[in-house]
Amino acid sequence: MSTAVLPTAAGTGPLTGTGTLLRLALRRDRLLIPLWLLGIGGLLAAGPPGLAALYSTATERAQAATSMSGNSSLRALYGPVLGDSLGALVVWRYGVVAAVLTAVLSLLLVVRHTRDEEVSGRQEMLSAAVVGRRAPLTAALLTAVTANLAVALVATAALAGEGLRGALAHGLALGATGLLFAAVAATTAQLTGNARLARGLAAAVLGAAFVARAGGDAARDDGSSPLSWASPLGWALNIRPFAGERWWVLALYAAATLALAGLAHTLAARRDLGAGLLPARPGAPEGRLATPAALAWRLQRGTLLGWTLAFAPAAVLFGSLADGAAALLGDDASTREILHRLGGEQALTDAFLAAMTGVFGLLAALYAVAAVLRLHAEETGHRAEPLLGHPVGRLRWAAGHLLTALAGPAALLATAACGHGRGLPALLLACLVQLPAVWVLAAAAFTLYAVRPRAAPAGWALVTLCLLIGWVGPVLDLPARAMDLSPFTHVPKLPGPDPHWPPVAVLVAVAAGLLALGLARLRARDLTA
């Protein structure tokens, strides 16, 4: 049964206490936000020198822009090439991934300071004090505003050397994208009483936006497809930084953000504290949760289903575009070189597929880390302690969640392979060979949680580091020692000839060792107070 909203003290307005809650939120995020800013800023700042090394003259950049703009596969992956200046190429290469990272930061912040607070019970205590009804949601949105202003400033500074006007346009595009998805998360947080589902719904909207943009950009080379305009990620590119800026596109962001923020406040006023507007599902019939593994599956299955539904259309889209990679200006050696670096030294079509399987591997790693961190949520939410008070050992309790975290990515990667539609055996192997790298990241996240629960969110930082290495490393031609920090570097580049298998066995051994260390530590330490 939901808990009704407690009346606030006499004389308080709906926004009373917003400033205090905002300061509290920023204090709690004093490490999270700077780390994301460092990642996004570093990604963009590394772009100009890396691409300048690949295309050192204006003629080379013009040729590369022409060849890339004419290839639907690359447009689906990165977006349209709207100019041949160094700044325009940086926006083409990193703009979409920077926008996605900014959106993820925003939705995590908003759900953390709204639905997570209600689930933990802290919001109920605050509601009994001098805090207005709209203050928590407003403070969460203002936290996202602060973070996205910082993203805009960092992005502008990172590209200012290529032209202040274009850098400012790109910075504002990223900040506006983040604010829009903050409003999306604020809305989903009102629909469900479950924080994981609120994040999942917001992430699903982001995934749909990415797929729509990819489909639209694959269809037209100038970003003018209706599908591109249907996606906020498409809007970010259609602002056209360094390519004749369209400032009026920011008005689309403003209108959509204000509408969604207003909707979120309206919905918040119509529900009870701790409850969502969507009805909660009844529990499982007696007997279905007889074991810790069954309970873990019950808790994790919805998330796995959502990720699977997201993987399927993305795999179909990129699989259908794979053949276009071979048509990428066959005699352009520089373009072939960058694509080879992304996917391995083999034919261009195989290189594109290898690059995409690596992307799906990183996405599967995100799911695996999220599944592992469910243990942390169960412990800090004081739901693990009553369970462990019964004849249930810690290792059995953890094993149920770990099984889902290790087997779930296999299902996701198999879905990605099936989505291509042909060449299934080779693609299935190419996708599943990513599993050892995914397991290493999942095991590392589990070990962090088991050794020091407060350090558990650092598991996200590990995946982010691998993402940056995978996206920036090939372009910057980073030294082997830096590239080797990512377990995905050691995965064979398939489909392709002569795969090297010993590193796969090493990755499996490393994952097993980390899991053993984590289980030993979990068994010995006290539960979080």
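Guide: Buried means under 20% relative accessible area, exposed over 50% and partly exposed in between (1.4 Å probe, protein chains only). This is a predicted model, where local features need pLDDT of at least 70, side-chain atom pairs count only at pLDDT 80 or more, and totals for chains, interfaces and linings use all residues. Residues are numbered from 1 along each chain as its sequence is written, and side-chain values use heavy atoms, without hydrogens and water.

Visitor: Is Tyr367 buried or exposed?

Guide: Happy to look! Tyr367 has a relative accessible area of 0%, so by that value the residue is buried.

Visitor: How many aromatic pairs are there?

Guide: Rings of Phe, Tyr and Trp (its six-membered ring) pair if their centres lie within 6.5 Å; planes under 30 degrees apart are stacked, over 60 edge-to-face, the rest tilted. By this rule the count is seven.

Visitor: How do Trp307 and Tyr367 pair?

Guide: Their centres are 5.9 Å apart, with 65 degrees between the planes. That makes the pair edge-to-face.

Visitor: How many residues apart in sequence are the parts that this pair, Trp307 and Tyr367, ties together?

Guide: Trp307 belongs to helix 15 (residues 292-321) and Tyr367 to helix 17 (residues 348-380); helices are DSSP runs (H or I, at least four residues), numbered from the N terminus. The pair therefore ties together parts whose separation in sequence is 60 residues.

Visitor: Is the pair of Phe311 and Phe360 stacked, tilted or edge-to-face?

Guide: The ring centres of Phe311 and Phe360 are 5.4 Å apart. Their planes meet at 45 degrees, so this pair is tilted.

Visitor: Which residues form one aromatic cluster?

Guide: Phe311 is buried at 3% relative accessibility, and Phe360 is buried at 6%, while Trp307 is partly exposed at 25%. One aromatic cluster is formed by Trp307, Phe311, Phe360 and Tyr367.

Definitions and conventions:
Helices (H or I, at least four residues) and strands (E, at least two) are DSSP runs, numbered from the N terminus.
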